[in-house]
Amino acid sequence: MSLVAGGSDVGPAPLPSANLARDEVVVSGPEGYCIDPTTLRRSASGGFAAIASCNILSGGAQGPFVEPVLVTVTVSRAANGAPLLADLAAALQTDLLQERQLSAIDVGQMANGGQTAFDGSDPRHWRGAFVLDRHLIGIALYAPKGSPLLGAQGAAFLNTVSSRIRANSASTSIGSAEQSQLNVDPLAVRLARLFETRDL
């Protein structure tokens with residue numbers, strides 16, 4: 001994917017941030033990282049955004065050189081709490097190599113599944129989820145083989161992205177009438193939205 005590797009085809013200018021779920025969730029990356037507008041999807045209850053190097057996304061037109069990485073953020077309607085890291089690993093049918101309890105999110109390093117993110121990506125990747133008001137935020141980080149972001153730096157990166165989402169997103173409350181409309185198994189909804197192939 002050109003999100004990480006770069007390429008001759010440069011699309012629309014990368015975005016500093018993106019508003020999802022009727023502007024209730026605001027996604028942005030750390031300094032030097034932008035939202036790819038070509039992968040952005042929005043819906044009334046959620047959406048999807050991909051974060052990568054501003055420099056790569058713009059074909060070198062903006063942003064400093066930073067470690068290449070692909071971070072995906074999936075927003076869906078929350079029913080109960082966030083799924084456990086062990087549940088995420090089970091949904092991927094892989095092993096949970098390690099867990100990190102951080103200030104904004106708990107993340108786990110998955111043993112497999114990252115190799116499909118882009119050419120040269122490592123099977124190992126970081127993944128986690130948290131609930132923000134009425135929304136479930138699923139977040140994952142994929143890095144090239146040999147990248148320092150495969151280790152503790154990757155977990156810290158996801159914590160930074162999660163902190164920015166928490167700080168910049170509008171606070172809303174869950175109404176009981178809205179909760180009653182959820183007639184699908186909550187765990188099935190959460191895991192399906194987090195692990196749809198097209199959402200990485």
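Predicted model: local features only at pLDDT ≥ 70, side-chain atom pairs only at ≥ 80, totals over all residues.
Figure 1. The phi angle of R22 is near 55°, a positive value in a residue other than glycine. A21 is likewise found in the loop between β1 (17-20) and β2 (25-28), and its phi is near 50°, again a positive value in a residue other than glycine. Most residues other than glycine have a negative phi. The burial of each residue is given by its relative accessible area: A21 is buried at 1%, whereas R22 is exposed at 67%.

**Figure 2. The disulfide between C34 and C54.** The sulfur atoms of C34 and C54 are 2.0 Å apart and form a disulfide; the count for the model comes to one disulfide.

**Figure 3. The aromatic pair of Y33 and F157.** The count of aromatic pairs comes to one. Y33 and F157 form this pair in an edge-to-face arrangement, with 4.9 Å from centre to centre and 90° between the planes. Y33 belongs to strand β3 and F157 to helix α4, so the pair ties together parts that are 124 residues apart in sequence. Y33 is buried, with a relative accessible area of 8%. F157 also counts as buried, at 9% relative accessibility.

**Figure 4. Helix α4.** Helix α4 (residues 152-168) comprises 17 residues. From its first C-alpha to its last, α4 reaches 25 Å, close to the 24 Å expected at 1.5 Å a residue. The buried residues of α4 are G154, A155, F157, L158, N159, V161, S162 and I165.

Figure 5. Seven of the eight residues of strand β9 (residues 125-132) are buried, so β9 is largely enclosed by the rest of the structure. Strand β8 (residues 106-110) pairs with β9 in the antiparallel sense over four bridges; here the bridge partner of Q109 is W126 in β9. β9 also pairs with strand β10 (residues 135-142) in the antiparallel sense, over seven bridges. L132 has H135 in β10 as its bridge partner. β9 and β10 form a hairpin with two residues between them. In the turn of this hairpin, D133 has a positive phi of about 55°.

**Figure 6. The protein as a whole, as context for the close-up views.** The secondary structure comes to six helices and ten strands. Of the 200 residues of the protein, 46% count as buried. Among contacts with a separation of 6 or more, 58% are accounted for by residues 24 or more positions apart. The protein exposes about 9,100 Å², of which carbon and sulfur atoms supply 48%.

Notes. Residues numbered from 1 in each chain as written. Heavy atoms only, no water. Buried < 20%, exposed > 50% of the residue type's maximum accessible area, 1.4 Å probe, protein only. Pairing = 2+ DSSP bridges. Disulfide = S-S within 2.5 Å. Contact = heavy atoms within 4.5 Å. Areas by Shrake-Rupley, 256 points an atom, 1.4 Å probe, with all protein chains shown as cover. Expected span 1.5 Å × (residues − 1). Phe/Tyr/Trp six-rings, centres within 6.5 Å; stacked < 30°, edge-to-face > 60°.
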